[in-house]
Amino acid sequence: MYEKNGEKYFIVDGHCHFWDASPDNWVKGAEQYAKGWIECFHAYMGLGPPETHWPIEKFMKYSEEDFVKDVFEDGGVDVGIFQSTYLNEWYTTGFNTAAKNAELAAKHPGKLIVNGRFDPREGEAGLRQLEKDAKTYNLQGVKLYTAEWYQGSRGWRLDDEQTKPFLAKCEELGIKNLHVHKGPTIWPLDKDAFDPRDVDQAATDHPELNFIVEHVGLPRIEDFCFMATQEPNVYAGLSVVIGGLMYARPRFFAKVIGELLFWVGEDKMLFGSDYGIWEPKWQIDGFIDWDYPDPDHEEFSDFPRVNDATKRKILGLNAARLYGIDVPVQLRLPDEAGTPAAQEDAQLVESA
Amino acid sequence: MDALAGVHDPELDEPITTLRFVSSCVVTPDGVVRVALRLPTPQCAPNFAFLMGADARRAIARLPGVRSVQVTLEDHYTGEEINAALHRGEGFMGAFPGETGDDDLEALRALFQRKALIARQSVVCEAMLATGDDPDGVLGRRVSDLPPTPEARRSLELREALGLPCDADAPAFVLADGQALTAAELPRWRRMARLVRTSLEANGGICRSLLQIRHNLASEPGAVPTTDPEEVAR
């Protein structure tokens, strides 16, 4: 739990990593991609406060001690959710695989949840692997990288025909939470990887599954917002939003949060630090104190207000609900607390 | 260069010339034109990059006296594929065979034209509302009542491109289907438009500052300073 000014907050970090991108792990012949990927990530770290920046060597491979200190001790994170990202084409043992994440999770019982992944382009073998992973890691969620390269293909979509059996399999296996990466392009991925519209169809077809759109579709946030208002099971994953904007571009951050609160609502927004890109502490600390820079200014005045309950939901309680995490009684909120989501409806720009 | 000024970045809805994406344009005495384009990052989405290259090619080829056109995308991670397809006069599928079924990218273009239209129309509409005009009056206006501003002009160009009515008697503000915007829809439409504008401004700001940093360009006269992230956000 995170403590500030005598107040205690229950924190779920919905998006964190424990990766190995050190040169020893680069696939021969794909070094430029392995290097390019991690350097691109490292550039994002530059959007946080200078005192939190790491040298590239540490960034490529940080230790277990770093993780425990940054996430649990300094960050006060109660439960972290590992979003596994394989990138086997570039990293020999994977970038951060479920297996590696599970090793760390086993040492910290109850503190880390391991999410798996699937890739519909792997077909039948991929389905069998998902079944196996679900059993091994007791999967409740998966991270999906629709822009990942695979044998000459440079991406896939959630509304592809080949994806359907995988979504059905998730339902069957009780994998309820699908974190979909829709965000800033990371070289060398992507054709138009941040287009979030494929989530729309999948969310309609599978009302029992939750779709957490990580990075809220930036830079296509309007597509994401208009889609999310129509789908009760679409959530906003704030990884990169807080880390990448709150410090570097505070005024734009305020607009983004205001729009998300309006269109998506505080009950459907989930904090994620995206550690090791950014340490959680400054993000949590800053967000607890956060308000619109000039609340009565016309730019912000008709956005939903932010209060203590809003922050508690976003920082942990919403994710706890999705993942069935038991929150200590004193850290829960009374029912009805906070600002309800706007009863607003929107259509995608195509039809508006 | 005038012909290239008619080519817009499909995402930002701004001419590639004012965005400073044209790094050189050489015309030989025998009518060969070579245009080089530079984008803000080597990772700009290939579909947008392709559209700008193909549009530039078309815009130049139309000019009298032009014998051949060569458009080259500089330093882009899929530049080789895109340049080869442009030189062969092929579509997007020619650049990425087997990876895309979308050859002319017209749906993508239209989607972003619709976004731009909402943004442009709303700037005009907000300006009218800000002068205290009542919403019913504003929404009752016709194309012929639109002010002679760049925003209004561009909104009509976009309407024409999208096949929406734009004759003098057509409504000043229209929805995607060409029907007039109504007072009942106005509040929601204004909110949507604001978010679209925020997104466009933010993306435009990011693109400008990336380009400036990458090519070590001086600030544009009258443009937002791009060294201060706060300013870019505004």
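Select α8(A) and α7(B). In α8(A), Ile221(A), Glu222(A), Cys225(A) and Phe226(A) meet Met192(B), Leu195(B), Val196(B) and Ser199(B) in α7(B). Contact here means that C-beta atoms, placed from the backbone, lie within 7 Å. Helices (H or I, at least four residues) are DSSP runs, numbered from the N terminus.

This is a predicted model: local features need pLDDT of at least 70, side-chain atom pairs count only at pLDDT 80 or more, and totals for chains, interfaces and linings use all residues. Residues are numbered from 1 along each chain as its sequence is written, while chains are lettered from A and ligands numbered from 1 in the order in which they are written.

Stay on this pair. Axes are lines fitted to C-alpha atoms, for helices over the stretch in contact, and angles run from 0 to 180 degrees between N-to-C directions. The cut-offs: under 35 degrees is roughly parallel, over 145 roughly antiparallel, 65 to 115 roughly perpendicular, the rest oblique. Ala, Val, Leu, Ile, Met, Phe, Trp, Tyr, Cys and Pro count as nonpolar, Asp, Glu, Lys and Arg as charged, and the others, Gly among them, as polar.

Next, select residues 123-137 and 164-173 of chain A, helices α5 and α6. They pack at about 20 degrees, with axes 11 Å apart. α5(A) and α6(A) are therefore roughly parallel to each other. Now show side chains. Leu127(A), Leu130(A), Glu131(A) and Ala134(A) in α5(A) meet Pro165(A), Phe166(A), Lys169(A) and Leu173(A) in α6(A). This contact has six nonpolar, no polar and two charged residues.

Move to chain B. Color domain 1 (4-103) and domain 2 (105-234); such bounds come from an automatic or database domain assignment. The domain centres, taken over C-alpha atoms, are 25 Å apart. Each domain gives 14 residues to the contact. On the domain 1 side, helix α1 (residues 46-61) of chain B gives the most, with three residues. That side holds six nonpolar, two polar and six charged residues.

Last stop: Ala161(B), in helix α6 (residues 150-161) of chain B. Then pick Ala110(B): its C-alpha atom is 8.4 Å from that of Ala161(B), 51 residues apart along the chain.

Definitions and conventions
Contact = placed C-beta atoms within 7 Å. Helix = DSSP H or I, 4+ residues; strand = E, 2+ residues; numbered from the N terminus.
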